[in-house]
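Colleague: Could you show me how to read salt bridges and burial in a structure? I'd like the general idea and then the case at hand.

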Amino acid sequence: MAALAYRFTPDLFDEPAPATAQEMPLRSTAALSERRFTAWRGRSGRRYVASVFPVEDSHALSFTDAVLLAVTAERQIVAARDSGPFGVEAALARWQRSVAEAGAREIHVHLLAEDGASRRAALLDLMPQADAAG
């Protein structure tokens with residue numbers, strides 16, 4: 001019996017995946033005066049919805065098993081981490097201070113990754129790439 005092969009052909013309207021993660025604000029919340037939710041498109045093209053908190057808001061660190069993104073005013077991710085299963089407060093507070101010193105203005109919290117493997121995949125997809133020349 002002959003095997004059938006399927007070859008993926010990109011749709012005419014598909015956009016190529018970005019070289020770095022890019023913020024793709026939610027159209028459904030664009031009219032709201034307060035920005036509480038946003039979405040990021042990873043290098044893979046996958047979309048990640050996140051809650052938005054000011055960098056100094058400690059509530060952003062209270063979620064367990066979440067992906068945390070430190071974002072600058074220019075909408076760039078400067079750091080990303082898994083909050084962990086227990087939300088280790090001292091380590092998260094040190095991270096919060098260091099990302100604020102690095103220029104982060106917000107922490108975006110992605111809560112929809114179902115398990116550790118999903119969170120690791122999201123982190124790899126969203127984290128800034130290390131400069132190969134440096």
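Modeller: Gladly! Keep in mind that this is a predicted model. Let's start with Asp-65, which has a relative accessible area of 29%. Buried means under 20% and exposed means over 50%, so Asp-65 is partly exposed.

Colleague: Which side chain does Asp-65 meet in a salt bridge?

Modeller: First, the general idea: side chains of opposite charge can pair when their charged atoms come close. Here, the side chain of Asp-65 meets that of Arg-119, with 3.4 Å from N to O. Arg-119 lies in helix H2, residues 116-126, while Asp-65 lies in the loop between strand E3 (47-54) and strand E4 (67-72), so the pair ties together parts that are 54 residues apart in sequence.

Colleague: And is Arg-119 buried or exposed?

Modeller: Arg-119 counts as buried, because its relative accessibility is 8%. Arg-119 also forms a salt bridge with Asp-82, where the closest N and O atoms are 3.0 Å apart. That pair ties helix H2 to strand E5, since Arg-119 lies in the helix and Asp-82 in the strand, 37 residues apart in sequence. Asp-82 is partly exposed, at a relative accessible area of 22%.

Colleague: How many salt bridges does the structure hold?

Modeller: Four. Another one of them joins the side chains of Arg-75 and Glu-106, at 2.6 Å from N to O. Arg-75 sits in the loop between E4 and strand E5 (77-82) and Glu-106 in strand E6 (residues 104-110), so this pair links parts 31 residues apart in sequence.

Colleague: Which residues are linked in a network of salt bridges?

Modeller: Glu-23, Arg-75 and Glu-106 are. Of these, Arg-75 counts as partly exposed at 25% relative accessibility, whereas Glu-106 counts as buried at 17%.

Colleague: How should I read the burial of E6 as a whole?

Modeller: Count its buried residues: six of the seven are buried, so E6 is largely enclosed by the rest of the structure.

Colleague: Which strands do bridges join to E6?

Modeller: E3 is joined to E6 by four bridges, and these two strands run antiparallel. E4 and E6 also run antiparallel, with six bridges between them. To follow the pairing by residue, look at Val-52, whose bridge partner in E6 is His-108. Val-71 has Glu-106 as its bridge partner in E6.

How values were computed. Residues numbered from 1 in each chain as written. Predicted model: local features only at pLDDT ≥ 70, side-chain atom pairs only at ≥ 80, totals over all residues. Heavy atoms only, no water. Buried < 20%, exposed > 50% of the residue type's maximum accessible area, 1.4 Å probe, protein only. Pairing = 2+ DSSP bridges.
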